[in-house]
Amino acid sequence: MTSPLALLGGKPEVTASGPHFTWPPIDDTTRAKVASQLEESISIPGRSGIVAELEDGLQEYLGVRHAVTTSSGTAALHATYWAARIKPGDEVIVPAWTFHATASPLFHLRAVPVLCETGPDGNIDPNRIEELITPRTRAIMVTHLWGKPADMTDIVAVANAHDQLARLDGYLAGRAEIARYLTGQLARIPGLEVTEMPEGVVPSWYGLTLTYRPDELDGLPIERFHQALIAEGATEFDRPGSTCPMNQLPLYQQPSTLFPGHPHSHRRYKPGDFPVAEHAHAHTIKLPVWHREQDLEVAEQYVRAATKISDHHKELQ
């Protein structure tokens with residue numbers, strides 16, 4: 001008997017042509033802005049041109065006195081730590097499960113990242129912070145993993161380019177609508193568990209994370225389940241890679257290899273030090289959250305793909 005699963009020769013469920021998710025949205029207005037700046041100047045010295053427009057827009061949108069753009073998020077974090085006067089030997093508490101750039105700029109300042117256990121959602125566990133505070137502690141870096149606020153009631157969302165800033169609220173509203181559909185549908189599928197949002201929390205839906213439950217699918221390994229999703233054409237289903245518990249990375253186990261003499265000898269980590277974060281990471285499958293009404297059809301195909309695999313999981317054993 002021929003299996004309906006694409007991995008075993010069946011017809012893929014997702015038929016939409018790719019790519020299935022792109023960010024940020026680029027339209028004619030965006031192209032015109034970039035082209036206009038290219039005609040004026042490729043190099044933007046100081047606070048001028050399109051950079052000044054973006055910074056002014058960010059100041060107004062966020063209601064702040066100053067906004068400074070940088071070449072990347074990593075550069076922004078490095079500048080933030082430097083501006084906070086983090087010095088050699090200082091300690092900064094960071095979540096154990098995050099993108100490594102959350103903490104790696106600290107090595108350039110010869111400061112010490114101190115990893116803190118997270119909750120199952122990947123956000124720093126506030127109940128585990130105090131035990132890590134020492135006379136050398138200078139700051140706590142909080143991330144909002146996958147767009148879910150870390151023990152906070154408000155979310156600050158910042159656009160990466162200016163014609164996006166004016167439409168940011170619309171994008172977030174669109175994401176919320178599709179996220180509502182996805183969470184409602186995916187929560188019904190055996191083997192997948194949707195993290196519930198606490199009442200009053202408004203996520204930015206940078207990503208939608210699912211906890212894989214192999215016990216509900218006769219122990220089917222997550223690798224096999226994910227392989228079947230990809231075969232169905234649902235290529236945006238992803239397993240976190242570089243955003244991982246950082247105690248598993250050599251840099252945090254032996255930083256002196258890359259940074260000789262770094263004052264990190266009293267803070268060495270090894271696999272198993274953060275069991276909650278490591279277990280959650282190993283059982284997480286995530287999706288980007290679309291924001292356009294026309295993307296709902298693709299979202300529906302992704303739901304059908306996951307449902308098919310769950311229904312026919314015994315054939316994957």
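Author: The largest nonpolar core has 33 residues, and Leu186, Leu192, Phe225 and Phe237 have the most contacts inside it. A nonpolar core here is a set of buried Ala, Val, Leu, Ile, Met, Phe, Trp, Tyr and Cys residues joined through side-chain atoms within 4.5 Å. This is a predicted model, in which local features need pLDDT of at least 70, side-chain atom pairs count only at pLDDT 80 or more, and totals for chains, interfaces and linings use all residues. Residues are numbered from 1 along each chain as its sequence is written, and side-chain values use heavy atoms, with hydrogens and water left out.

Reader: Which elements give two or more residues to this core?

Author: In soluble globular proteins, nonpolar side chains tend to be buried together. Here the contributing elements are α5 (168–186), β5, β6, α6 (222–231), β8 and α9 (296–311). Helices (H or I, at least four residues) and strands (E, at least two) are DSSP runs, numbered from the N terminus. α9 gives the most, with seven residues. Another core, of 29 residues, lies apart from this one and includes Leu115, Cys116, Tyr252 and Ala280.

Reader: What does Phe225 touch, not counting residues up to four places away in sequence?

Author: Contact means heavy atoms within 4.5 Å. On that basis Phe225 touches Leu192, Tyr212, Leu217, Leu220, Ile285, Ala306, Ile309 and Ser310.

Reader: Why is strand β6 called largely enclosed?

Author: Buried means under 20% relative accessible area, exposed over 50%, and partly exposed in between (1.4 Å probe, protein chains only). Four of the five residues of β6 (residues 208–212) are buried, so the rest of the structure largely encloses this strand.

Reader: Which strands pair with β6?

Author: Two strands pair if DSSP finds at least two bridges between them. Strand β5 (residues 192–194) runs antiparallel to β6, with three bridges joining them. Strand β8 (residues 284–287) also pairs with β6 in the antiparallel sense, over four bridges. Leu210 in β6 is the bridge partner of Val194 and stands opposite Ile285 in β8.

Reader: Is His281 buried or exposed?

Author: His281, in helix α8 (residues 275–282), counts as buried because its relative accessibility is 13%. Its side chain reaches the backbone oxygen of Pro240 at 3.1 Å. Leaving out residues up to four places away in sequence, His281 touches Trp97, Pro240, Gly241, Thr243, Cys244 and Pro245.

Reader: Is Lys11 buried or exposed?

Author: Lys11 counts as exposed because its relative accessibility is 65%. Lys11 is found in the segment before α1 (28–40). Neighbours within four places in sequence aside, Lys11 is in contact with Pro4, Ala6, Glu232 and Lys308.

How values were computed. A polar contact is a pair of N or O atoms within 3.5 Å; within protein, one must be able to donate a hydrogen and the other to accept it, and residues adjacent in sequence count only if both atoms are side-chain atoms.
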